[in-house]
Amino acid sequence: MKTRMLPLFFSFTVISTAAVYVDPMARPGGDGSPAAPFQTLEMARDAIRGIGGEVVLQPGIYLRKEPLLLGPEDSGTADHPVVWRSGKPGDAVLEGSTAVPLDRWEKPSDSERERLDPLARDKVWCLDLAALGVRNAKTYPDKFAGRGGLIELHASGVRQPLARWPDGFPQTSALMGEVLERGSIHRGMQKPGRFVCVEDRCKRWKTDRGVWLEGYWRAPWEPVIIRVAEINPTTRAVTFAAALPNGIGSKYAKPPALGAKDEPWWAVNLPEEITVPGEWAVDFRSQRLFWWPSDNAALETARISDTQGPMLQLNGVKNLRFEGLRVVRGLQHGVELKHCRGVEIRNVEVLDCGGSGVLVNGGTGNVVRACDLHGLGESG
């Protein structure tokens, strides 16, 4: 009887504990060593992909326009997690905004001055966004909730407020007058709502340049922004360009009234309503930004957030840790985890991002520990 030996095959992942280094000021051609670090985070990611290890970010500003993307191939193991850390906690900064060159600012034209509030005409500066290659300044949708994907403006380390009327959100808002027509959406057909604006201020808004109003049109917990199609200069009747499923006017209004005449609303992103220092707005048609800087220092330190997607995006990653980083001024989320397992975000500061600080969607065993999340547009 003959004995036959069968080969055995084993599948395993080699996990390295070696560290690679990255420095935004490094010279080209680095090998990831302390003496010759990589220039970009993507180069460091690719160097340890599939073998594991540690990425050490040297102090500096890492400018980001796109997310740092990590997938399943960037995972570690339970015993040897992949680690991304700042060489000195807090000194490695992922920066989502870009400085505006001082010589790009210019004073408004005569026709632009006429559009502005008299108080602002000699204070406002303009910026050609198209010439700068800004991507997130496209026209708002006719109807949406949230920020609408518009850029953000920062100066002297402070997020600048988008122009609104009345000033003073959330304490101050206008109130709807009579609801002339609730409007509706039925079988795909839209019938936009109409209401009377109590104040004369609306008469000077140029609907052909784009006017959007945000308000609690139906329920006091559901703000929606809607484009205005027409404002009658005589009656102050405001006609929307899009309808809500159940129309406008408080759901608690007692028939036959269509509204309660106390539904709060306010105008957003109107150059006409730049009335206090810091306020800014974008004219979508001309792709020009209007801004009243608080002082010369603000003008000199202006930065625009124009990133695409979250600053750090992890999809299906296992056993990985980010530690000691600062993530600042991204237009959307700071960190987003999708279907990850065993990922830890530790001692990370997320500041002035337009979305959430750390957003976790699905997955198990993920931890956000000792992080400082502040100045955010959405949740922590």
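How many bridges join β8 to strand β22? Four bridges do so, and the two strands run antiparallel, with β22 covering residues 288-291. The model is predicted, so to speak of local features pLDDT of at least 70 is needed, side-chain atom pairs count only at pLDDT 80 or more, and totals for chains, interfaces and linings use all residues. Residues are numbered from 1 along each chain as its sequence is written, and side-chain values use heavy atoms, with hydrogens and water left out.

Strands here are DSSP runs of E with at least two residues, helices are runs of H or I with at least four, and both are numbered from the N terminus. Two strands pair if DSSP finds at least two bridges between them. Within β22, Phe290 is the bridge partner of Cys126. The open sheet has three strands in the order β8-β22-β21, with antiparallel pairing. Its edge strands, β8 (125-128) and β21 (280-283), each pair on one side only.

A nonpolar core is a set of buried Ala, Val, Leu, Ile, Met, Phe, Trp, Tyr and Cys residues joined through side-chain atoms within 4.5 Å; buried means under 20% relative accessible area with a 1.4 Å probe, protein chains only. The largest such core has 33 residues, and Leu57, Trp84, Leu314, Leu320 and Phe322 have the most contacts inside it. Helix α1 (residues 41-48) gives the most to this core, with three residues. Apart from this core lies another of 25 residues, including Trp212 and Trp266.

Ser356 sits in the loop between β29 (349-351) and β30 (358-361). Ser356 counts as buried because its relative accessibility is 2%.

How values were computed. Buried < 20%, exposed > 50% of the residue type's maximum accessible area, 1.4 Å probe, protein only.
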